[in-house]
Amino acid sequence: MINDIPLNYFLSLAAALFCIGLFGSLARKNAIAVLMGIELMLNAVNINLVAFWRYGSPDPILNQAGIVFALFVITLAAAEAAIGLALVIAIYRSRDTVNVEEINLLKW
Amino acid sequence: MVQNFTLLIPLFPLLAFAIIALLTRSRNRLSAWIAILGVILALALSLGVFLEALAEGAELAVNPFYGAPIVWYPYGTATVNFGWLVDPMGSAMLFMVPTVCLMIFIYSVAYMRHSHTGKDGHTIHEDDPRYARFFALISLFTGSMLLLVISSNLLQFFIAWEIMGFCSYALIGFWSFRGLKEHHIDDAQVGRARAASIKAFLTTRVGDVLLMTGMILLFITVGTLDFTQMFSPDGLNNMLLGEPPIGALQWPTLIALLIFGGTVAKSAQFPLHIWLPDAMEGPTPVSALIHAATMVSAGIFLVIRMYPLFVFDSQTGGFSMQTVALIGGFTAIFAAVLGLAQNDIKRVLAFSTVSQLGYMLAALGIGAFVAGSFHLITHAFFKALLFLAAGAVIHAVGTNDMLKMGGLWRKMPITFLTFLIGALALMGIFPFAGFWSKDEILLEALRLGFFSESGAAPLVQFVFISLATAAFITALYTGRQLFLTFFGKPRDQHFYDHAHESPVTIWVPLAILALFTTVIGFWNTPFAPAFTGYVGEAGLVGLPVPFEHHAFDQLALISIFVSLGIAFGGLFVAYFIYGFRPVGAGQPDPLERLGIIYRALASKFWLDELYGYKINLDGTARAGLLVRFVGLLSRFSYWFDRTIVDGLVNLVGWFGRIMARLWGWFDKHVIDAIVNGSGSVTGEIAGWWRTMQTGNVQNYALIAVAGAMAFAILFLLRSFT
């Protein structure tokens, strides 16, 4: 059943999702929104990973590297979200803002 | 074995000098006696050596008394030693020098006491203010002369030679200090003494430099300065090994001439004779010392000592002996002529010394070694006698000017008698010393010049004619001196009244010297030539060939009459001019009628003005043309140094400064600009680039994404093609 859906559908979805995430992380001013964009991009990659695993691998049962990799990415995303939110909170506490355009202490 | 103590001979006077200078300076009489004791001890030892040498006889020339035990300093494989060397002529000198010196010392004891009239009219006798210093200096003088006579090598000889140079300087200028007005010494005389001492020192220095150059060349070519080694056959032949220095001039000729240069200055030969007449400014005993026993004899003795070199040179074709003969012969007549027009009693004697030294050198130059040597010995005695007698006259009268004397024989008969003996000896009148030695020289010149088997020699003929003429003029000026001083009427009553016979300590040395003057000639008469047998028979150190000696023959007899005739002729002319009609008070010298010739003679042919150093009567001194030319030259050199040399140096410095400034500018504006420019360019570029660092994380991410997309596009494009 699932095989009836061609691979490019998944890839198109993943690409669209990635682009949305990319736009969000680049264009949004709110640091939380930026983090959310990053999450989106990670998940788009996860879709890609799983799709390629399902369609690309000769023996999906024996070789499960695709989903394992996806699992790793999820773990990483969780950790990243945790750290990212912690940083946002810390910045907010010291500077009273989460606007990334104002957080430019490393400016030239 | 007295000969082993030869080295002690000069020690006694030198010791006396040290004792007087260091300890007894303030005790006049004691100092004098110490000096005399030093000479007496030296004389005793010298006589011991002399007698021992006489006992050796002619053997002595082959095996001289020689020893060089004191090592002075080593060089290479050999050493320079202090030692002694006594050959026959050296021993004769050992007899002559201390004897004459002792007489001069004894004489000085009284001479250096001046008498003057005090305020209350009484005559006051007073020692010279520097009485002890005088005796110290003449002791040093005598000691160095004795050291010179016994020297075993040329360096030792040269040291003694130089000490004598200093002593002559110090003694000629002995009265070059003020505060002696009551001793007849005024400011003018002080000035003259000062200038004369400097003149003597500088003139002899010219010769010393030549001698030292000769000595250095001798050492280079021969390799030793020891007389016995130097004059061994190998030693002299070493000189011919090297390349001749200047064209045809051989090493022996050059060296002999340089060494002879030392003699020319020390023995006051033309053209360096100018210092000797002015040296008369010293006290009379000093004049006697310089003229008889020490200074000028040292110059002759140098030629005698180096005679093997001269002979060797003439055997190898050199002309050094001819030069010696020429200069000696010329000086003999030149100085004699100048002696004619001097009014200073001592200056006449000074010129006669120059002339007689010319005799000796002429004799040595033509090969009459024995005659020349013998004249050196006899001349020392009669010239010392003449000077001391003249000193006694000066002391008694109080002036040097012969035109203010006259008739003095009545006042001081003993002095007159001794002076007469000395004067007769100087003229060469039988039987006094000068007759025998001068006759010997004339005979040798006559024989070698006109009757030689090897044909006539024009140079020797010139020497003979010159010497014979000089003998005539010598008799003339000595006669003039005698008549002006002792005969006729007193020309200045004040001085005449002041005159008195000398005290016993003055006339006793005169008498002893007169005795020697009378008898010493018989040491070498043509009939019994003992001196010839002793000094000449076996040759000398390094020249063990007997000098040619002729038995008494017709020629010798003729020569005796010729020389006597010449002497009496001169004396007669002198009597005709000065004795027959004595010069009255205030009258000019009859010679002044000669006009320009007299003025030329009186001013010594203007040689002082020409190149020397003219000392005026008032004590001022003026450099001669040559000296002034040298002065101009040095001033020009100074100018050249200041303007050209310094200018060049400054120019180089200025150029360096300009270049340095240029480089500084270049460094500052080019090198630094490059360095700073690279820095500031980097800074500028960095300034643009850093604006990239917006600090906005999203910008960075955008760039990263853009980069990744660019790579992706690139990758895609590549995979399509």
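Author: What follows is a set of questions and answers about the labels used for this model.

Author: First, some ground rules: this is a predicted model, where local features need pLDDT of at least 70, side-chain atom pairs count only at pLDDT 80 or more, and totals for chains, interfaces and linings use all residues. Residues are numbered from 1 along each chain as its sequence is written, while chains are lettered from A and ligands numbered from 1 in the order in which they are written.

Reader: How many helices and strands are there in chain A?

Author: Chain A has 3 helices and 0 strands, and its pattern along the sequence reads α-α-α. Helices here are DSSP runs of H or I with at least four residues, strands are runs of E with at least two, and both are numbered from the N terminus.

Reader: Why are α18(B) and α20(B) called roughly antiparallel?

Author: Helix α18 (residues 413–427) and helix α20 (residues 458–486) of chain B have axes that come within 9 Å and cross at roughly 165°. Axes are lines fitted to C-alpha atoms, for helices over the stretch in contact, with angles running from 0 to 180 degrees between N-to-C directions. Under 35 degrees is roughly parallel, over 145 roughly antiparallel, 65 to 115 roughly perpendicular, and the rest oblique. So α18(B) and α20(B) are roughly antiparallel.

Reader: Which residues of α18(B) and α20(B) make the contact?

Author: Among them are B:Phe416 and B:Leu420 of α18(B), and B:Leu482 and B:Phe486 of α20(B). Two residues are in contact if their C-beta atoms, placed from the backbone, lie within 7 Å. By class, this contact has 8 nonpolar, 2 polar and no charged residues. Ala, Val, Leu, Ile, Met, Phe, Trp, Tyr, Cys and Pro count as nonpolar, Asp, Glu, Lys and Arg as charged, and the others, Gly among them, as polar.

Reader: How do you know that α5(B) and α6(B) are roughly antiparallel to each other?

Author: The axes of α5 (residues 131–150) and α6 (residues 154–172) of chain B come within 8 Å and cross at roughly 155°. That angle therefore makes α5(B) and α6(B) roughly antiparallel. Their contact, which includes B:Phe141 of α5(B) and B:Trp161 of α6(B), has 15 nonpolar, 1 polar and no charged residues.

Reader: What makes β1(B) and β2(B) a pair?

Author: Two strands pair if DSSP finds at least two bridges between them. Strand β1 (residues 65–75) and strand β2 (residues 78–86) of chain B have 8 bridges, in the antiparallel sense. B:Tyr66 has B:Leu85 as its bridge partner in β2(B), and B:Tyr75 stands opposite B:Ala78. The hairpin has 2 residues between the strands, and B:Gly76 takes a positive phi near 55° there.

Reader: Which peptide bond is cis, with omega near 5°?

Author: The bond from B:Phe270 to B:Pro271. B:Pro271 is in the loop between α10 (251–266) and α11 (275–278) of chain B. Most peptide bonds are trans, and most residues other than glycine have a negative phi. A:Asp96, in the segment after α3 (65–95) of chain A, has a positive phi near 65°.

Reader: Last one: how many residues does each chain give to the contact between them?

Author: Chain B gives 11 residues and chain A gives 10. On the side of chain B, helix α28 (residues 697–720) supplies the largest share, 5 residues.
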